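Colleague: Hi! Could you walk me through this model?
Modeller: Happy to, here it comes.

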Amino acid sequence: MSSRKEKIFIIDPHEQECASLAQATLEPFGYEVQTTGDGAEGLTMILEEPPDLLILDLYPDSLSGADVMAALSAQAIDLPVVILADPG
C-alpha cells in the first residue's frame with residue numbers, strides 16, 4: 001500500500017522565500033511542496049501533474065494569476081486555489 005503525499009504547488013514571484021517557508025511549515029506535516037516564481041512555468045507544471053492545492057499570487061512573473069486561472073478553467077482542471085494578492 002502506497003502512501004502518496006498530498007502535493008501543494010506555489011506560484012509566487014518571491015519563490016525563494018516561499019520555498020523556505022513551505023519547507024519549514026508544510027513539509028514536516030508530510031506535504032510535498034513545489035514552488036516557482038513564473039506563471040507560465042507553473043501552468044505547464046500543473047497541466048503535467050495537477051497538485052492537490054494551488055497557492056497562487058496574482059502577480060507572478062510572465063503570466064498573471066488571473067491568466068493562470070483562466071487557462072486552468074479552459075482545460076477543465078478543478079482544484080482548490082488560495083489566491084495571494086500583494087501588488088508590491
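Colleague: What share of the residues in the chain is buried?
Modeller: Buried residues account for 30% of the 88 in the chain. Buried is under 20% relative accessible area, exposed is over 50% and partly exposed lies in between, with a 1.4 Å probe and protein chains only. Keep in mind that this is a predicted model: local features need pLDDT of at least 70, side-chain atom pairs count only at pLDDT 80 or more, and totals for chains, interfaces and linings use all residues. Residues are numbered from 1 along each chain as its sequence is written, and side-chain values use heavy atoms, without hydrogens and water.

Colleague: Thanks! In what order do the elements run?
Modeller: From the N terminus, the order is β-α-β-α-β-α-β. Helices are DSSP runs of H or I with at least four residues, strands are E runs of at least two, numbered from the N terminus.

Colleague: New topic: how many salt bridges are there?
Modeller: The count is one, taking a side-chain nitrogen of Lys or Arg within 4 Å of a carboxyl oxygen of Asp or Glu. Lys7 pairs with Glu49, and their closest N and O atoms are 2.9 Å apart.

Colleague: Where do the two partners sit?
Modeller: In distant parts of the chain, 42 residues apart. Lys7 belongs to strand 1 (residues 7-11), while Glu49 is in the loop between helix 2 (39-48) and strand 3 (53-57).

Colleague: And is Lys7 buried or exposed?
Modeller: Lys7 is buried, at 4% relative accessible area.

Colleague: Last one: what does the C-alpha trace span?
Modeller: About 35 × 30 × 20 Å along its principal axes.
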